[in-house]
Every structure is written in C-alpha cells, then in structure tokens.
Amino acid sequence: MAYSCKELSQVYDSIYSRKLQKTVLNEIDGEIVGRAVASLRASGIISNRELKLFESAIRKYLPIGIIQADRGLFVDFGCGFGILGRRLSKSAGLRYAGFDCSKVAIRYAATAARNDKDSQSLFWVSDFISTGLSEKSVGVAFSLDALYLASNPSLVVNELARVLKDRSILFFTLYENCSNRGAQYTSLGTWQTLLIGNGFQIIECEDITDEWRKHMAKKHQTRLKVRKKIEASMNQAGTLELAVSRAMLGAHGHDGFINLTKRYYIVALRSR
Ligand SMILES: C[S@@+](CC[C@H](N)C(=O)[O-])C[C@H]1O[C@@H](n2cnc3c(N)ncnc32)[C@H](O)[C@@H]1O
C-alpha cells in the first residue's frame with residue numbers, strides 16, 4: 001500500500017524529530033558505520049563507494065548535458081536534511097535547491113545551511129508532483145532514497161520531465177521489493193518505462209543492493225547487541241528503535257526488510 005504525501009509528511013516529521021534529539025544512537029551508529037559517510041546525517045548510510053558513484057555522475061555527465069551559460073538549479077527531491085545534496089551541488093557548480101514534504105526536515109536543512117554560511121541554497125516544503133519549480137529550470141535533479149515513496153510515480157515523472165532542461169541529468173536511488181510481503185514499491189522496470197516514455201534515456205542502472213544490505217545489517221545487528229544500553233538510555237523511544245531493527249533484520253525464520261528489498265542507482269538523461 002502506498003502512503004499519501006500528507007501521511008508521509010507526518011511519519012517523517014516524527015522520524016526527523018527523533019533523529020534530532022541527541023541520543024545514544026548517534027554514538028552507536030557513528031561507531032558502526034566507521035568510514036562510511038555517516039557525518040552527512042542522511043536517513044540511511046551512504047558508503048564511500050556510493051558517494052563516488054554520485055560524484056562521478058556529475059563529472060561524467062554534466063559537461064555533455066548542460067549549456068554552460070544557463071545551467072539551472074541542482075534540485076534535491078525529498079532532500080531530508082539536504083547535507084549530501086548540498087555537497088554534490090557544489091561539485092556540479094550549481095545552486096542547490098532542496099524540497100521535502102517534512103517541515104521538520106526543511107527547518108533543519110535551512111538551519112544547517114545557515115550554520116555553514118551558505119546563503120545561496122533554497123529550501124521549501126513541497127510534494128514530488130507539484131514542486132512549484134518553473135518549466136525547464138533544473139540542471140541536475142537528484143534524489144537519494146526518496147522517489148520510491150511516491151504514491152503516483154507517473155505524475156512524479158511528468159513533473160520531472162516538465163522541470164528538467166533538455167540534456168540535463170536525473171540521478172537517484174530507489175528500492176524495489178523482492179517478494180510480495182511488506183510494503184510494495186513501484187518496480188525498477190516501471191520507473192524505467194515511465195522515464196523512457198517521458199523523454200528520458202537511461203544511461204546507467206546499477207544494482208547497489210549488496211553493499212547497502214551489508215551496511216544496514218551491521219547497523220541493526222549492532223543496535224540489537226547493545227539493546228540494554230539503548231533501552232536504559234532511551235526508554236520507550238529505544239524500544240521503538242529496536243523494533244525497527246528487528247523488522248529490518250527479520251525474525252523467526254522470516255526475512256526482514258533488508259532481505260526483502262533491492263536497491264538501485266539510476267542515471268537518466270533528459271533527451272528531448
Ligand atoms: C528515506 S528519506 C531520504 C531523505 C534524504 N534524501 C536522505 O537521503 O537523507 C525519504 C524522504 O522523502 C521525503 N518524501 C516522501 N514523500 C515525499 C513527497 N511526496 N514529496 C516530497 N518529499 C517526500 C520524506 O519526507 C523523507 O525526507
């Protein structure tokens with residue numbers, strides 16, 4: 001079942017509010033991810049290899065795509081705290097613009113930019129399907145682990161096709177189910193068909209499941225190992241977080257979210 005934007009905004013407001021409280025989880029997760037890029041404060045874990053994939057997409061495709069004189073915005077769809085997107089927009093040399101349906105995320109993202117003395121970046125609360133962006137105003141569209149939540153991917157792709165400049169790029173990650181248990185996400189094949197039907201050309205598509213599974217399993221196994229510390233310091237919030245870890249890992253012979261899900265990285269060129 002897909003959730004509406006309004007429902008998701010409530011869910012994510014509460015996830016981000018919890019995340020912003022300093023808890024023992026910051027310390028535990030920081031140790032778990034080690035050299036992965038935890039400091040970006042993303043919702044999941046960004047490995048160094050993934051970061052390289054994103055940076056190389058910008059290096060490889062930006063020069064062939066976008067007219068230098070009028071390069072447009074770097075727009076982060078479902079930006080969360082926007083830390084990774086802002087970093088990538090700098091390597092693209094484009095002005096950053098991030099939107100999300102969560103007010104809590106946008107408030108924090110704007111504060112983080114101000115603290116970094118970044119007065120250029122733009123932030124606003126919005127929905128994937130009605131971004132408020134002008135037609136052909138986007139030079140690079142980016143989205144990390146967010147578009148898969150869209151309840152109507154066809155409308156999202158229409159909006160992407162409307163706002164992206166010709167020969168600009170879209171790069172994003174998405175999740176796909178490997179079974180019919182649990183939440184059902186739009187398949188990779190459907191996203192590809194919608195993109196091609198709306199004038200995009202898929203130029204890269206990589207299965208990045210293995211590395212994601214490895215990192216997520218490590219994160220949640222470690223949380224469960226130190227569950228006493230989490231419960232003692234976080235009380236009911238800790239119990240909730242541990243329930244998430246159990247759902248991620250599975251129990252009693254049933255696979256959890258990690259094994260029921262695949263993750264992909266896609267780059268598409270707006271070709272007409
Ligand atoms: C898993 S988080 C990823 C956030 C961020 N990209 C990151 O990696 O840290 C998914 C994000 O998508 C946002 N989101 C979900 N549905 C949305 C919609 N219809 N419009 C805008 N944002 C949405 C959520 O609020 C959440 O911030």
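Me: How do the axes of H6 and H7 sit relative to each other?
Reply: In this predicted model, the axes of H6 and H7 come within 10 Å and cross at roughly 40°, and the crossing of these two helices is right-handed.

Me: Which residues make that contact?
Reply: On the H6 side the contact is made by Pro153, Ser154 and Val157, and on the H7 side by Thr190, Trp191, Leu194 and Leu195. Sorted by class, the contact of H6 with H7 has 5 nonpolar and 2 polar residues, with no charged residues.

Me: Staying with H6, which of its residues are buried?
Reply: Helix H6, which covers residues 153-163, has Pro153, Val156, Val157, Leu160 and Val163 as its buried residues. Seen down the axis of H6, these buried residues fall within an arc of 135°, so they line one face of the helix.

Me: And what do they pack against?
Reply: The buried residues of H6 pack against strand S4 (138-143), strand S5 (164-177) and helix H7 (188-197).

Me: OK, on to H1 and H5. What is the angle there?
Reply: The axes of helix H1 (residues 5-20) and H5 cross at roughly 45° and come within 7 Å, and H1 and H5 are therefore oblique to each other. The contact is made by Tyr12, Asp13, Tyr16, Ser17 and Leu20 of H1, together with Lys103, Val104, Ala105 and Tyr108 of H5. By class, the residues of the contact of H1 with H5 divide into 6 nonpolar, 1 polar and 2 charged.

Me: I'm curious about valine 104: is it buried or exposed?
Reply: Valine 104, which has its place in helix H5 (residues 103-115), is buried, because 21 other C-beta atoms lie within 10 Å and the cut-off for a buried residue is 20 or more.

Me: What does valine 104 touch?
Reply: Leaving aside residues up to four places away in sequence, valine 104 touches Asp13, Tyr16 and Ser17. Valine 104 and serine 17 are 87 residues apart along the chain, while their C-alpha atoms are separated by 6.7 Å.

Me: Switching to backbone angles, what is phi at lysine 117?
Reply: Phi of lysine 117 is near 60°, which is a positive value in a residue other than glycine. Lysine 117 has its place in the loop between H5 and strand S3 (122-125), and this residue is exposed, with 6 other C-beta atoms within 10 Å.

Me: And what about phi at lysine 136?
Reply: Lysine 136 has a phi near 50°, again a positive value in a residue other than glycine. Lysine 136 is found in the loop between S3 and S4, and this residue is partly exposed, with 16 other C-beta atoms within 10 Å.

Me: Last one: how do H8 and H9 pack?
Reply: Helix H8 (residues 209-225) and helix H9 (residues 227-249) pack at an angle of about 140°, and their axes are 9 Å apart. H8 and H9 are therefore oblique to each other, and their crossing is left-handed.

Me: Which residues are involved in that one?
Reply: From H8 the contact is made by Met216, Ala217, His220, Gln221, Arg223 and Leu224, and from H9 by Arg227, Ile230, Glu241, Leu242, Ser245, Met248 and Leu249. By class, the contact of H8 with H9 has 7 nonpolar, 3 polar and 3 charged residues.

Technical notes
Residues numbered from 1 in each chain as written. Predicted model: local features only at pLDDT ≥ 70, side-chain atom pairs only at ≥ 80, totals over all residues. Axes fitted to C-alpha atoms, helices over the stretch in contact; angles between N-to-C directions. Helix = DSSP H or I, 4+ residues; strand = E, 2+ residues; numbered from the N terminus. Parallel < 35°, antiparallel > 145°, perpendicular 65-115°, else oblique. Left-handed = near helix turned anticlockwise from the far one by under 90°. Contact = placed C-beta atoms within 7 Å. Nonpolar A, V, L, I, M, F, W, Y, C, P; charged D, E, K, R; others polar. Buried ≥ 20, exposed ≤ 12 C-beta atoms within 10 Å, placed from the backbone. Arc of directions from axis to C-beta.
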